[in-house]
Amino acid sequence: MEGYLVKRGSGDGVLGRKTWKKRWFILDSNILFYFKNPKDTLHIRALSMQGAVVRLVPEERDHCIFIKFDQEYEKQIPDLLVSAEDAESMMQWKSALSSACADTQQSQLATRSKAQYLPLISFVTDESPQPAVDATIAMPPAMISLWSRGIVSTLWFHDKLSQFLHVAIAAEVKECDRQSQLFRANSNVCKVISTAFLEAGKPLLQRLLAPTVSKLASDSCPDIEIDPSKFDGQNCGDSHRMQQDNANNLSQVAMDCLHHMVQQVKAFPTFMSAALRVIHSEVTSKFPNFPFGGTTAILFLRFICPAIIAPENHTVVKDIPSPSTRRKLILLSKLLQNAANGVSEGEKEGFMASMAGFSETSMPIIQNFVNGIIDKNNWPLPPAQSDDQGKADSPSTQRKLGRSRSLKGYVRLSQSVPVGVLPVSALQNMQSALQSVQDKLHNGSDSKTKLMQCLS
């Protein structure tokens, strides 16, 4: 884009005046040039938009645009104020300048993303998982969601997800100073574990929760509202009786839900059982008096309760629950989460005190649930590859896999195909791509450059 803008002086002259002068501006990619007039071949300045911030501002002139430059990339001037001819021109320049900044930021993220994939590739080609875990811990917040999805699906395909999770879990427990905070912080490792459980465990969530969600959504479900403020026009005595009756109903629903989940322990995927065993072992070693704290945090806080609150987002049900059903799901989630955390009823919300005794009564069932998962078949660590990998050998997936013979296609596929549906028949294609990477890593001093080309 190019055109005239009126630029305010910096005030660096002898008299310190900030006069306004008409200049010819050209925006080329992420570089902003300005000249005295369009015929000049030598620009006055060329300014990098990398890291810059663009916004509209009210000034003594109309249609002003303010640009704050990032001093790491642009050391010539700290900021620039220009005025456009009219409102339409101002918005066009604002959009173009903002796009230049955004494109630069995306380029920076892409460059960092490529570099961050190197430890993952090294791990897949039979090296230690530690660098991949370190890369996950250091991942910028803007990239962690994409990274979590990519690393989980990639390592799942190569049967290395368990190895990665074992090292990541040990690192997370080591950094935790208080047992009450185990796996409750919004750390990068917790996000990856959550992604692994929620994505690979979708079929399991349906088995665990569908009967309970269907019961709560049915017309025959009894009332389980225990917050008196939500009762309609009840006097004090009636309100108390209603709260007690509804508390009994909620307790029964929650107990039925727990008993049903205990019956489903054999349905847990191998890697989830193995990961929970590692959590139990690491937590017991560091916090001997808190052996179930880590496993219940992952199971309920990160896996089960999010699916109870929003079952439509986790393939538990197809339809969006009604507001009244959603309220019932929220109450059930609160009760189970408090019980799993060992929190006394009413400690956080006063109306939950009507459920007093539920945590104590349900804790043996919850512990039985956890023990059933981590001890199932006495699986070794790391576990054998799950048979679930070859169940969804769909034509669409096959077509995607057929086009993924390069590492670039492989990385993109790993971020787009749902976890657990990559068929075993695709392994040869992936191995071929990774063998090419391995060859480049061991072939000459420019191997990293070649590897970046594979990812670009």
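This is a predicted model: local features need pLDDT of at least 70, side-chain atom pairs count only at pLDDT 80 or more; totals for chains, interfaces and linings use all residues.
## Two helices, H10 and H11

Which residues of H10 and H11 meet? On the H10 side they are Leu335, Asn338, Ala339 and Ala340. On the H11 side they are Phe358, Ser359, Ser362, Met363 and Ile366. Sorted by class, the residues of this contact are six nonpolar, three polar and no charged.

## The chain as a whole

The protein chain has 456 residues, and buried residues make up 49% of them. It holds 15 helices and seven strands. Among contacts in the chain with a separation of 6 or more, 64% come from residues 24 or more positions apart.

Two packed helices are described by the angle between their axes and by the distance between the axes. For helix H5 (residues 188-200) and helix H9 (residues 293-309), the axes come within 9 Å and cross at roughly 75°. H5 is therefore roughly perpendicular to H9.

H5 contributes Cys190, Ile193, Ser194, Phe197 and Leu198 to the contact. H9 contributes Ile298, Arg302 and Phe303. By class, the contact of H5 with H9 has six nonpolar residues, one polar and one charged.

## The sheet

The seven strands of an open sheet follow the order S4-S3-S2-S1-S7-S6-S5, and the pairing is antiparallel. Which strands are at the edges? They are strand S4 (45-48) and strand S5 (53-57), and each pairs on one side only. On average, neighbouring strands of this sheet are turned by 35° against each other, with direction ignored. In a regular strand the side chains alternate between the two faces of the sheet.

Two of the pairings can be followed in the structure. Strand S1 (residues 2-8) and strand S2 (residues 20-28) run antiparallel and are joined by seven bridges. Lys7 has Lys21 in S2 as its bridge partner. S5 and strand S6 (residues 64-68) also pair in the antiparallel sense, over five bridges. Here Arg55 has Phe66 in S6 as its bridge partner.

## Two residues with positive phi

Most residues other than glycine have a negative phi. His63 has a phi near 60°, a positive value in a residue other than glycine. His63 lies in the loop between S5 and S6, and the hairpin of these strands has six residues between them.

Thr315 is found in the loop between H9 and H10, and its relative accessible area is 41%. Thr315 is therefore partly exposed.

His260 has its place in helix H7. Why is His260 counted as buried? Its relative accessible area is 19%, and buried means under 20%. The side chain of His260 reaches the backbone oxygen of Arg207 at 2.8 Å. Leaving aside neighbours within four places in sequence, His260 is in contact with Arg207, Leu208 and Pro211.

Gln263 is in the loop between helix H7 (236-262) and helix H8 (270-286). Its relative accessible area is 62%, and over 50% counts as exposed, so Gln263 is exposed. How many residues apart in sequence are Gln263 and Leu208? They are 55 residues apart in sequence and 8.9 Å apart in space, C-alpha to C-alpha. Leu208 is also one of the residues in contact with His260.

Terms used. Residues are numbered from 1 along each chain as its sequence is written. Side-chain values use heavy atoms; hydrogens and water are left out. Helices (H or I, at least four residues) and strands (E, at least two) are DSSP runs, numbered from the N terminus. Buried means under 20% relative accessible area, exposed over 50%, partly exposed in between (1.4 Å probe, protein chains only). Contact means heavy atoms within 4.5 Å. Ala, Val, Leu, Ile, Met, Phe, Trp, Tyr, Cys and Pro count as nonpolar, Asp, Glu, Lys and Arg as charged, and the others, Gly among them, as polar. A polar contact is a pair of N or O atoms within 3.5 Å; within protein, one must be able to donate a hydrogen and the other to accept it, and residues adjacent in sequence count only if both atoms are side-chain atoms. Two strands pair if DSSP finds at least two bridges between them. Axes are lines fitted to C-alpha atoms, for helices over the stretch in contact, and angles run from 0 to 180 degrees between N-to-C directions. Angles under 35 degrees count as roughly parallel, over 145 as roughly antiparallel, 65 to 115 as roughly perpendicular and the rest as oblique.
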